[in-house]
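Work through the exercises below with the sequence and the model in view. Each task is followed by its solution.

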Amino acid sequence: MRKVAIIGVGHVGSTTAYTLISKNVVDELVLFDSNENILKAELNDLMDGQMEQNHQVRLIGADLAELKDTDVIIFSAGDISIFEGNPDRFAELNLTKTIVEEWAPKIKASGFDGIILNITNPCDVITQYLQELTGIPRERVFGTGTSLDTGRMKHAVSRNLNVHPSAIDGYVIGEHGESQFVAWSSVRIGGVPITETLSEENLTALDAAARDGGWVTFRGKGYTSYGIAIQAARIAEAILNNNHLVVPVSHFHSVEGCYAGSPAKVSQQGITGRFTLTLSDAEQEKWQHTIQTIHSMHATI
């Protein structure tokens, strides 16, 4: 039985739950939320939403005992409203670190022995804090990282060059935040380096478009949900089905001493391989900057 628990079923958590159900990724789904009315409503709505599916997912309300045999915990607790008029991720960290401090002891006490996939922002710092407080091995605690940012980059490039996103191979790496960057030196379209197709000016504009993608959505509807939900479901599916998916997730880099987004291989065992991109000198400087940003944020906890 493929069993996933989602902690926090706001806009992101509930959309992730529905995506897992509609894509037939799970057999059992356990939901937790601090708001009991929202939790009850989402359980009811998700039950209604799968009525015409042949595969019926068993939906389970908040019960910590259920975590003992859960395969994956998706951690998506938070409050997006904190960004209204305040784009400071430090303000978000002040809230989300307390949520981690509340949940880590509960996860430990439950006997959970699976994989934690973190969505909650600031993704890299919160993922590291979850690992530190739960004591679960680093390879089994990782975050969605720059998977969504990479998707946004591919979206921007595909529109600019009128090609399908699947033809684009490359990554956004570093912090899931303002210091992230596209490693253009490694981006290929149909095997051809994008640097041979577009000018430096065009690449800079596309980098900005990828970074601003989340804010475009947030400014319009007050939150993001579909993009991150599809990435979380894709990674969860890779874990449950042992797909050995290579995806830019936030995982621990021993040399840098922190969590950051870069390509890694994901399977039932967690992170089973890491891929180091060959960066240009300018990209190496950006990498060091984004690592320092993550360290600085973590130091405030």
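**Exercise 1: helix α6**

Helix α6 has a kink of about 45°, centred on D212; the bend at a residue is the angle between axes fitted to the seven residues ending there and the seven starting there. The model is predicted, so local features need pLDDT of at least 70, side-chain atom pairs count only at pLDDT 80 or more, and totals for chains, interfaces and linings use all residues. Residues are numbered from 1 along each chain as its sequence is written, and side-chain values use heavy atoms, without hydrogens and water.

Step 1. Helices are DSSP runs of H or I with at least four residues, and strands are runs of E with at least two, numbered from the N terminus.

**Exercise 2: the buried side of the list**

Task: find which elements the buried residues of α6 pack against.

Step 1. Buried means under 20% relative accessible area (1.4 Å probe, protein chains only). In α6 the buried residues include L203, L206, W215 and F218.

Step 2. The buried residues of α6 pack against α5 (147-161) and β9 (181-182).

**Exercise 3: a residue of α5**

Task: is S158 buried or exposed?

Step 1. S158 lies in helix α5.

Step 2. Its relative accessible area is 9%, so S158 is buried.

Key:
Buried < 20%, exposed > 50% of the residue type's maximum accessible area, 1.4 Å probe, protein only. Contact = heavy atoms within 4.5 Å.
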